[in-house]
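Here is a friendly walk through the model on your screen. Keep the viewer open as you read.

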Amino acid sequence: MTTNTRSIGRTVGVAVRSMVIITLVLGPLYCLVITGVGQLIFHGNANGSMVENNHGAVVGSTLIGQSFSDSKGNPLAQYFQPRPSAAGDGYDGAGSSGSNLGPENPELIKSIAQRRQQVATFNRVSRAQVPPDAVTASGSGLDPDISPAYAKIQEDRVARARQLPISTVQQLVQEHTSGRVLGFLGEPTVNVLELNLALDKLD
Amino acid sequence: MEWFSAVASLVALGVILAFCYRYLGDYMAWTYVSEKDWRAERGFYRLIGVDSKAEQTWQSYLRAMLIFSVVGLLIVYLLQRVQHWLPYSLGMAGVPQALAFNTAASFTTNTNWQSYSPEQTLGYSVQLGGLAIQNFMSAAVGMAVAIALVRAFAGRKQATIGNFWVDVTRSTTRILLPIAIIAAVVLMAGGVIQNFHAFSHLTTLAGNAQQIPGGPVASQEAIKELGTNGGGFFNANSAHPYENPSAWTSFFQIVLMLCIPFALPRTFGRMVGDNRQGYAILTAMAIIFAASYLTLTALQLGGHGTAPQLAGGAMEGIEQRFGIVNSSLFTTTSTTTSTGAVNAMHDSYTPLGGMMPMLNMMLGEVTPGGVGTGLYGMLVDAVIAVFVAGLLVGRTPEYLGKKIGPREIKLASLYILVTPTLVLAGTALSFSIPGVRTNVADTSILNPGVHGMSEVLYAFTSGANNNGSAFGGLTANTYWMNTALGVVMILGRFVPIVLVLALAGSLAAQNKVPATAGTLPTHRPMFIGLLIGVVLIVTALTYFPVLTLGPLAEGL
């Protein structure tokens with residue numbers, strides 16, 4: 001019994017000593033080495049892929065979606081609109097989240113119907129033309145992208161609001177559309193912030 | 001086009017994993033059989049006071065593993081409790097008792113269930129000083145236990161099964177850490193952030209205020225996937241663009257989750273001196289994995305359910321850059337391993353699609369399972385399979401020359417029973433204890449109807465199998481959920497390990513019996529089929545009734 005107790009005590013000692021050393025090496029040290037490499041080689045990426053507007057002010061990150069609504073929450077006609085967001089009040093960078101509403105949840109069913117109507121009216125298209133990503137919230141609530149189909153139904157409305165020829169807007173959308181990676185990974189995307197920044201740069 | 005993507009992704013994944021199987025598998029076998037310690041390892045053994053040449057009986061191996069895990073658990077608990085005194089805590093308060101217990105249990109058991117929203121609860125000090133350490137250590141412990149079992153099959157008449165400290169150290173220094181460093185750099189190249197900035201406040205293009213988070217994410221993300229841990233730096237986990245910026249980083253994370261679990265059968269084959277045994281285990285794992293993935297993809301693309309049909313596709317909870325196909329592959333990977341990371345919200349999946357991650361976990365996470373846990377789980381299933389075959393032909397069952405006697409089969413049967421008991425009891429108690437029932441129904445459950453029941457079933461399935469993914473609508477930060485899930489995670493982790501090490505002890509002590517004409521060959525297609533059958537039938541019989549109350553009721 002005593003040998004057993006002693007051997008347990010010894011093992012506890014080994015466990016505590018090892019956890020202390022491991023914590024120092026795999027905590028701060030590992031993290032600092034990776035941070036050092038990141039800040040040296042991938043400076044922009046490691047710091048969040050931030051972008052500036054025409055005047056040199058940081059207006060966001062190309063990876064983090066943002067809302068293009070006025071202070072009352074109404075979508076601004078001159079900007080391409082992102083997907084619905086369940087992060088906080090919408091695109092809250094401090095509260096990433098999906099809606100987590102189930103496929104038969106009446107609340108979700110109602111929201112989808114309302115969004116479809118709103119998107120159709122806002123862009124003056126038929127309800128059937130509204131693609132799935134325009135009426136569903138993403139997993140993170142910070143999705144920076146929309147589908148090319150959702151971009152397409154917004155082109156005419158943005159062109160009218162900015163008094164630009166539709167071909168110019170279409171051209172920009174084209175330039176900001178990315179296909180599937182290697183032809184098979186993921187889905188085609190249009191980055192909303194980059195597209196809207198490019199529109200602002202036209203002025 | 002979707003199906004082309006789905007099949008091309010699977011083929012690409014298969015090619016990469018075949019490469020991992022061959023080379024990483026051999027490398028890992030060398031890691032564990034090599035006589036030589038590295039210089040840094042020798043220094044470490046000296047500092048902690050361990051003789052690396054001393055072999056342990058299964059009892060001392062188990063004791064070291066348990067004490068090491070308890071110490072780890074206490075450290076994570078304490079760090080959270082004193083968070084407000086630690087530097088780089090972003091002004092976050094100390095974590096309350098029940099939540100701190102749940103989180104400590106969760107990360108020490110390789111579950112990484114998160115009852116909290118990280119960006120609103122934990123600062124950098126706890127994330128990198130507590131959670132990240134357990135991301136490495138819980139993975140290393142799983143690998144150590146698997147290797148101990150493999151040694152027991154490989155050896156003859158041995159009283160010992162290896163040295164726990166050496167196995168854990170080498171798993172870290174020679175496998176996990178080098179791959180994690182490379183993976184973190186690759187992830188940063190893909191846009192994952194790595195800094196110590198606090199939230200930055202900025203004005204968006206449209207003139208609104210927005211907060212952008214910072215943090216040492218890439219370093220955590222790498223080991224989160226590699227060690228099949230799954231605990232996200234952010235609430236949205238791998239759906240968050242700073243954790244998973246693009247379709248290729250998503251695919252890369254899938255590879256990270258699968259590389260060690262799918263390579264370990266090779267390590268097993270090498271160590272028992274017959275690579276064909278490794279192929280057999282691998283094949284059984286791969287067939288179930290591929291079937292599960294293709295089924296989920298079909299269900300999600302089918303888009304059944306009222307909301308998905310109304311939206312024109314099951315895109316709720318899915319990021320545009322990943323789409324349905326990549327999310328299906330990620331979900332399958334994350335729930336067939338013990339990772340539990342998510343790049344899409346399972347709660348919003350189609351009714352039957354949402355059942356697939358649950359089924360994957362219910363199989364016991366053996367296809368291919370977590371790092372180490374998957375291999376030892378599958379080897380226990382193999383023991384059951386040879387036993388069933390032995391009953392059919394009326395011969396004493398044996399596996400790799402070891403007789404499967406009453407003691408072995410008792411241990412294996414108990415192993416199979418542990419997680420279902422925890423899952424079903426946890427779910428049942430949540431709905432039957434009077435006070436708890438109202439709390440669960442009013443506070444925890446988000447979605448009405450049978451889907452709410454699925455949320456609770458999912459939580460206990462995830463906890464008991466040490467997965468960590470969730471039907472995220474569930475509010476798990478309540479006294480009952482935190483405590484019950486914490487206990488379930490601890491039992492779901494350590495009771496099976498005790499049984500596996502006991503099994504290892506009794507197998508190691510046996511001599512090898514030579515194969516005769518009556519021995520069932522365990523590398524042939526027939527055995528692979530039998531093994532798949534055992535994995536599926538045990539699960540189906542155990543869980544079918546409860547599935548009919550939840551996802552099946554909703555989906556059919």
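## Layout of chain A

Please keep in mind that this is a predicted model.

Within chain A, an unreviewed UniProt entry places a "transmembrane region" at residues 20-42. In the model, residues 20-42 of chain A are 96% helix and 0% strand.

## A hairpin in chain A

Strand E1 (residues 50-52) of chain A runs antiparallel to E2(A), and three bridges join the two. If you want a pair to look for, A:Met50 is opposite A:Ser61 in E2(A). Five residues lie between the strands of this hairpin, and A:Gly56 has a positive phi there, near 80 degrees.

## The three-stranded sheet

Chain A also has an open sheet of three strands in the order E3-E5-E4, with antiparallel pairing. Its edge strands are E3 (145-146) and E4 (177-178) of chain A, each of which pairs on one side only.

E3(A) is joined by two bridges to strand E5 (residues 189-191) of chain A, and these strands run antiparallel. Across this pairing, A:Ile146 faces A:Val190 in E5(A). Helix H6 (residues 192-202) of chain A packs on the sheet, where it touches E3 and E5 of chain A. The direction of H6(A) makes about 50 degrees with that of E5(A).

## Where chain A meets chain B

How many residues of chain A are in contact with chain B? There are 86 of them, and they are in contact with 95 residues of chain B. On the chain A side, the elements that give two or more residues are helix H1 (2-41), helix H2 (43-46), strand E2 (58-61), helix H3 (106-123), E3 and H6.

Of these elements, H1(A) gives the most, with 21 residues. By residue type, the side of chain A that touches chain B divides into 42 nonpolar, 35 polar and nine charged residues.

## A helix of chain B

Over in chain B, helix H10 covers residues 275-302 and has 28 residues. From first to last C-alpha, H10(B) reaches 40 Å, close to the 40 Å expected at 1.5 Å a residue. What follows H10(B)? The next residue is B:Gly303, whose phi is positive, near 65 degrees.

Notes: Residues are numbered from 1 along each chain as its sequence is written. Chains are lettered from A and ligands numbered from 1 in the order in which they are written. This is a predicted model: local features need pLDDT of at least 70, side-chain atom pairs count only at pLDDT 80 or more; totals for chains, interfaces and linings use all residues. Helices (H or I, at least four residues) and strands (E, at least two) are DSSP runs, numbered from the N terminus. The expected span of a helix is 1.5 Å times one less than its number of residues. UniProt positions are given in the numbering used here, feature names are shortened, and annotations may be inferred rather than shown by experiment. Two strands pair if DSSP finds at least two bridges between them. Two residues are in contact if their C-beta atoms, placed from the backbone, lie within 7 Å. Axes are lines fitted to C-alpha atoms, for helices over the stretch in contact, and angles run from 0 to 180 degrees between N-to-C directions. Ala, Val, Leu, Ile, Met, Phe, Trp, Tyr, Cys and Pro count as nonpolar, Asp, Glu, Lys and Arg as charged, and the others, Gly among them, as polar.
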